[in-house]
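Good morning, colleagues. Please look at the sequence and the model as I proceed.

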Amino acid sequence: MLPLWTLIIPTVTALLCFFLKKIRVIEWVHLVGSSITSILAIWLVCEVAVGGTVSSNTNQFFYVDALGSIVIAIVAIIGWTAALNSIGYIRNEYHEGVIDQKQLRQYYFWYHLFIASMLMVCVVNNMGLLWVGIEATTIVSAFLVALYRKGEALEAAWKYLMICGAGIAIALLGVILLYSSVVNTLGTSPEVLNWSFLKDPSIKLQPSMVSLSFVFLIVGLGTKIGFAPLHFWLPDAHSQAPSPISAVLSGVLLNCALLVLIRFAVIAEHTISGDVIRHLFIGFGLLSIAVAFPFIMVQQDLKRMLAFSTIEHMGIIAVAIGIGGVLGFTAALLQMFNHSMAKSLLFLTSGNMIQKYKSKQMTRITGGIKTMPITGFMLLVSSLAITGVPPLNLFTSEFSIISVGFSEGHPIVVSFMIAWLALIFGAMLFHISKMVFGTSRDKLAVGDLSRWSTLPLLLPFVFVVVFGVYIPPVISDLIHQAAIIMGG
């Protein structure tokens, strides 16, 4: 019943936020609902870590293994952090007259449905319902991207819906082809499209159908993940959404889509050559890293720069998956977790900066560490982390990927990746250093925003700093179990 409650609580919270009238009451309901959802999600992760897979007894409608629990942990941590930051961020937007009371209620309503849809992707067993969950995340989050109802926000939301909608439709063709192959090979029964059934390595399907199915799936879900050249919705959507939503989009949503693609890849690898699948991941990964660099270098909009950085990091994760093996998969999952922490911290600190300076243009945000001491410091640390500076968390996972790449016989792939990472490192630090250390604008009062905007930053900050030097055994064991699942 625990997976079911992780879906019920955010859904009920969303409905309460929609129908309540008083803003402070809505904020309290939002706070309590977010906290309970995250506690239940972490509880579920602990059950998997201690006792193994959690599933419903009767029809196995719910199935939570170590692989799904990694993403659930990310949803719980980033979802709760963004929920706390939302109170300060949205309250400020309301007092500034940027949004009205109706938009405020809609924000909290869609926020909790967004969390529920992402948790659904992590806990359902049926591969068709996984596709439904991904579709639900697109529809729900589009309303959050369009929250401001202005020209650019509406355009970004429509682009998001159109491009991701087309991608998800292509992925549906992949699911249908897979189902057809399963029925032709194994016949019809209630469990034939369940992950718990199809992950059995002894199940061999029709190779031609599975090959075509996986091509549709990696193109369709790759659109949602943000793989280049299918990424065009991502910079617009991430830059136009409220900053707490940008943090969730970048830190959580893309990982949900990647989780679904990984599950389909494991099934496909039982039938077709694993080399084909791995080469596809490496190809999309390297292209994503390379495409991100020129856009980061010439970027003026802070949030768009972070969005292109997200494309880069999804590429790094894809390369690690393509390298394969238990060590490669372990490094990929660690990179997934570490990127979520650092990127969400970056988006949240950027949101604070943007509200203080009233601009997203990096040339107008200068002297951040003097004007906003805590937020400026967090922005500096998270920027160093996202560019792979030791001893922060992403250095650990990227170093692991590079080491595994060389040891598994991919020197050209890894060398290409290192070269582009070095260029991106220089470009990002060039922009961030001027924002943090430049001359501050005299007319701005010194001081951070409210406690709701600042204190939530501490949670991802702890993971960014601590995971660079120490990973608790319970977490490393869970990641290792998930890597074994990815290996089939």
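Predicted model: local features only at pLDDT ≥ 70, side-chain atom pairs only at ≥ 80, totals over all residues.

A salt bridge here is a side-chain nitrogen of Lys or Arg within 4 Å of a carboxyl oxygen of Asp or Glu. By that criterion, Arg-24, Glu-27 and Arg-91 are linked in a network of salt bridges.

Within it, Glu-27 pairs with Arg-91, and their closest N and O atoms are 2.6 Å apart. Are the two partners buried or exposed? Glu-27 is buried, at a relative accessible area of 4%, whereas Arg-91 is partly exposed, at 21%. The cut-off matters for this pair, because buried means under 20% relative accessible area.

The structure holds eight salt bridges, and I shall describe two others.

One joins Glu-96 to Lys-358, with the closest N and O atoms 3.6 Å apart. This pair, too, links distant parts of the chain: Glu-96 lies in the loop between helix 3 and helix 4 (101-123), and Lys-358 lies in the loop between helix 13 and helix 14 (368-371), 262 residues apart. Glu-96 counts as partly exposed, at 46% relative accessibility, while Lys-358 counts as exposed, at 59%.

The other is formed by the side chains of Asp-275 and Arg-278, at 2.9 Å from N to O. How far apart are Asp-275 and Arg-278 in helix 11? They are three residues apart in helix 11 (residues 274-298), and are therefore separated by about one helical turn. Asp-275 is partly exposed, with a relative accessibility of 41%, and Arg-278 is also partly exposed, with a relative accessible area of 24%. As a general point, side chains of opposite charge can pair when their charged atoms come close.

The largest pocket has a volume of about 490 Å³. Its lining comprises 20 residues, of which Glu-93, Val-98, Tyr-148, Lys-150 and Ile-354 are the closest to the centre. Helix 3 (66-95), helix 6 (151-186), helix 9 (233-240) and helix 13 (325-357) are the elements that give two or more residues to this lining. Which helix gives the most? That is helix 3, with three residues. By class, the lining of the largest pocket has eight charged, six polar and six nonpolar residues.

Key: Residues numbered from 1 in each chain as written. Heavy atoms only, no water. 1 Å grid on protein atoms, 1.4 Å probe; cavity = no way out; pocket = protein on both sides within 12 Å on 5 of 7 lines; lining within 4 Å. Points joined across faces, edges and corners; volume = space filled by probe spheres on them. Helix = DSSP H or I, 4+ residues; strand = E, 2+ residues; numbered from the N terminus. Nonpolar A, V, L, I, M, F, W, Y, C, P; charged D, E, K, R; others polar. Buried < 20%, exposed > 50% of the residue type's maximum accessible area, 1.4 Å probe, protein only.
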